[in-house]
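Dear colleague,

I am handing over the structure we spoke about, and my notes on it follow below. Please have the sequence and the coordinates open while you read.

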Amino acid sequence: MRFIFLIIVLLQPARLWAQADSPASPSIKEVNEEEEANIFRYRDIYFLTGNPDTKIQLSLKLQLFEDVELYFGYSQVMFWKLFTERSSPFHDVAYNPELFYTFTLGEDFWRYLSVGLEHRSNGKAGKTSRSFDRAFAQLDNAFDFGSAEFKWSLRLFAFYNKGDENADIRKFLGFWETRLAVSSLFEDYLPSKTELYVSFFPGSDYTRNLFNGGTELGLKFRVRLFGIMPYLMVQYYYGNAESLIDYDKSARSFRAGFLL
């Protein structure tokens, strides 16, 4: 929770400055606009609560050089026993920095190819420590079907370092994952913007057992009622490795909340 408050505190001065009517000079205004333009939302940013716990994800990416598609990405996923225990501890936190380069392939079906390195760990020591490093290549594609827009991604992994306490993690994360999302599918029936997605990774070495991995289903919708700005979101997860600390334990979870 302290991390969330820290992010908010650090971002407020920049936000207020960007909203000022007239900076001291045009050059300062240009620098401010550049700073605002080179940081992006990466993965979903949400606060969801339900069974068995509360799940929070923060995710941003920063372009490192002007006119060069080299990015530093950072995601953090927190599992918080907000309502289930008196002291409300965090059950697990996953820290996930990435460095990657994105190639623009075109505006048809094949849109982007990203290649890079990532580290993921829960920052703990001893028997509860979990960590790994891997290289990846990811294809991002999109196409329209009627009024609906489909987005599909495929990421391939190659592990090159694993913590001693999770040496068998590849059995549960496998070497690839995919995500399919469709938006504006229900625009004729609902007065809102919606997106339905499914993410899947099979687990096991070379996908010999598809049920060692995990599946996540989600629905996001913006209703524009009562002045609510964030999306409402529901999420269902079944399988292994939702959290790093319990990567080898199969579980089901259902949560609902807000998405930015």
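Phenylalanine 200 counts as partly exposed, because its relative accessibility is 23%. Before going further, please bear in mind that this is a predicted model. A search of the whole structure finds ten aromatic pairs. In one of them, the rings of phenylalanine 143 and phenylalanine 150 are stacked, because their centres are 5.1 Å apart and their planes meet at 5°. Phenylalanine 143 is itself partly exposed, with a relative accessible area of 33%. The rings of tryptophan 176 and phenylalanine 200 have their centres 6.0 Å apart and their planes at 65°, so this pair is edge-to-face. Since tryptophan 176 belongs to strand β9 (residues 176-183) and phenylalanine 200 to strand β10 (residues 193-201), the pair ties together parts that are 24 residues apart in sequence.

There is also an aromatic cluster, which is formed by Phe40, Tyr42, Tyr71, Phe100 and Phe136. Two of its rings have a charged side chain over the face: lysine 61 lies over phenylalanine 40, at 5.9 Å from the ring centre, and arginine 155 lies over phenylalanine 136, at 3.8 Å from the ring centre.

Turning to the chain as a whole, its secondary structure comes to three helices and 13 strands. Of its 260 residues, 36% count as buried, and the chain exposes about 15600 Å², of which carbon and sulfur atoms supply 61%. Among the contacts with a separation of 6 or more, 48% are between residues 24 or more positions apart.

Several of the strands pair in the antiparallel sense. Strand β6 (residues 110-121) runs antiparallel to strand β7 (residues 131-145), and eleven bridges join them, with serine 121 standing opposite serine 131 in β7. On to the next pairing, β7 and strand β8 (residues 148-162) are antiparallel over 14 bridges, and here aspartate 140 has serine 153 in β8 as its bridge partner. The hairpin of β7 and β8 has two residues between the strands, and in it glycine 146 takes a positive phi near 65°. Strand β13 pairs with β2 in the antiparallel sense over six bridges, where phenylalanine 47 has phenylalanine 258 in β13 as its bridge partner. Strand β13 also pairs with β12, again in the antiparallel sense, over nine bridges, and there the partner of glutamine 235 is arginine 255 in β13.

Which residues make up the largest nonpolar core? This core has eleven residues, namely Ala94, Phe132, Phe159, Ile169, Phe172, Leu173, Phe201, Tyr237, Ala241, Leu244 and Tyr247. Apart from it lies another core, of seven residues, including Leu48, Tyr231, Met233 and Leu259. In soluble globular proteins, nonpolar side chains tend to be buried together.

Alanine 241 is found in the loop between β12 (231-239) and β13 (251-259). Serine 88 likewise has a positive phi, of about 50°, although it is not a glycine. Serine 88 sits in the loop between β4 (68-80) and β5 (90-104), and it is partly exposed, with a relative accessible area of 22%.

A further backbone detail is the cis peptide bond that joins asparagine 51 and proline 52, with omega about 15°. Proline 52 lies in the loop between β2 (46-51) and β3 (54-65).

Lastly, phenylalanine 90 has its place in strand β5 and is partly exposed, with a relative accessible area of 29%. Phenylalanine 90 and threonine 54 are 36 residues apart in sequence, while in space they are 9.2 Å apart, C-alpha to C-alpha.

With best wishes

How values were computed: Residues numbered from 1 in each chain as written. Predicted model: local features only at pLDDT ≥ 70, side-chain atom pairs only at ≥ 80, totals over all residues. Heavy atoms only, no water. Core = buried A, V, L, I, M, F, W, Y, C linked by side-chain atoms within 4.5 Å. Buried < 20%, exposed > 50% of the residue type's maximum accessible area, 1.4 Å probe, protein only. Helix = DSSP H or I, 4+ residues; strand = E, 2+ residues; numbered from the N terminus. Contact = heavy atoms within 4.5 Å. Areas by Shrake-Rupley, 256 points an atom, 1.4 Å probe, with all protein chains shown as cover. Pairing = 2+ DSSP bridges. Phe/Tyr/Trp six-rings, centres within 6.5 Å; stacked < 30°, edge-to-face > 60°. Lys NZ or Arg CZ within 6 Å of the ring centre and 35° of its normal.
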